[in-house]
Amino acid sequence: MEKKITKNVGPVEQAVSMALGAYMAYRAIRNLRYRSVPALVAGGYLMVRGGLGYCPVSRWLGKKDLGSPAINLRAVMTVNKPREEVYGYWRNLTNLPSFMAHLKEVVEIDERRSHWVIETPGIGGRIEWDAEVVKDEPNRLIGWQSVNGAAIKNAGKVEFDDAPRQGTEIRIVFSYHPPAGGLGTGVAKLFMPVFRGIIEDEIFNFKRVIEAGEIPTTKGQPAGKRTGKFKLI
Amino acid sequence: MKALCWNGVRDLNVERVDDPKLLNPKDAIVKVTMSSVCGSDLHLINGFIPSMQAGDILGHEFIGEVAEIGRGVQQLAVGDRVVVVSVIG
């Protein structure tokens, strides 16, 4: 049975892999000792990777093809509110900034379209785009995606189900496509854990906002001596 | 009040701090009668939680007695014995 290999190594990377692999293998063979075996194996691997344009390690790391892979954030949670109310809150996408702090604002343009603004922390820049609701099944599902021309192509989906005894179970997916393939993807992957942590925390704020009407905090309450030590964020 | 303060990685002290205040109408102040140690306290103590800073007060699984309630609190009265949900704060 023939199995087609999907390339996941770009042409430049292929050439670099080939050259580096050949060099490593050459060096390893020239002074072949017990110690140079790993270098020989690594060189061989790089050559195969360069030759085929396919790398199982890259694949394992999440790069399945040459297109820029989306960054997907998923969250599942149960909130103690009826399905209609939870759906209604999400259907009005302008409510999203109430629990997702990285969203500066979402303005409704019409029934289906909305304008989104995020502020990038640190650099003080703004990123804006228009999004459109592409799927809307009342009390079941809402799906939206950015319209053409968005700097960060993105999409999202929320599904609503009755939780076993009371309340609503919601499944949320946010997908972001980093601006440029290749390097952009690499940089995005690097910041992924931080980014993922921030967004996931924000998504879970939804439960606080819908149930308590606000995000509970201990801000303003007493604490021990703030020596400023160990403060990371 | 007395509080168990985190002053750094594995550096804890029982210290005297200001009493808590009702800042939000939905706040309630609970006088702790008993507290337990949770597995996640170990992550806090050992410095694996980046949002921690020196001076933070530890302890999030406890029972106690309601000492004061805000204007917006309807389901509790002063003197009630309560178990506190650990996810707040």
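**Close-up views of chain A and chain B**

**View 1. Salt bridges link the two chains.** Chain A and chain B have two salt bridges between them. Please keep in mind as you look around that this is a predicted model. One of the partners to look for is Lys26(B), which forms a salt bridge with Glu214(A). In this pair, the closest N and O atoms lie 3.7 Å apart. By class, the side of chain A that touches chain B is made up of seven nonpolar, five polar and six charged residues.

**View 2. Chain A meets chain B.** Here we turn to the contact as a whole. Chain A brings 18 residues to it, and chain B brings 26 residues. About 1,600 Å² is buried between chain A and chain B, and carbon and sulfur atoms give 51% of that area.

**View 3. Chain B, element by element.** Chain B contains six strands and one helix. Starting from the N terminus, you can trace its elements in the order β-β-β-α-β-β-β. Among contacts in chain B with a separation of 6 or more, 53% come from residues 24 or more positions apart.

View 4. Chain B has 89 residues, and 28% of them count as buried.

How values were computed:
Residues numbered from 1 in each chain as written. Chains lettered and ligands numbered in written order. Predicted model: local features only at pLDDT ≥ 70, side-chain atom pairs only at ≥ 80, totals over all residues. Heavy atoms only, no water. Contact = heavy atoms within 4.5 Å. Buried area = accessible area lost by both parts, 1.4 Å probe. Salt bridge = Lys/Arg side-chain N within 4 Å of Asp/Glu carboxyl O. Nonpolar A, V, L, I, M, F, W, Y, C, P; charged D, E, K, R; others polar. Helix = DSSP H or I, 4+ residues; strand = E, 2+ residues; numbered from the N terminus. Buried < 20%, exposed > 50% of the residue type's maximum accessible area, 1.4 Å probe, protein only.
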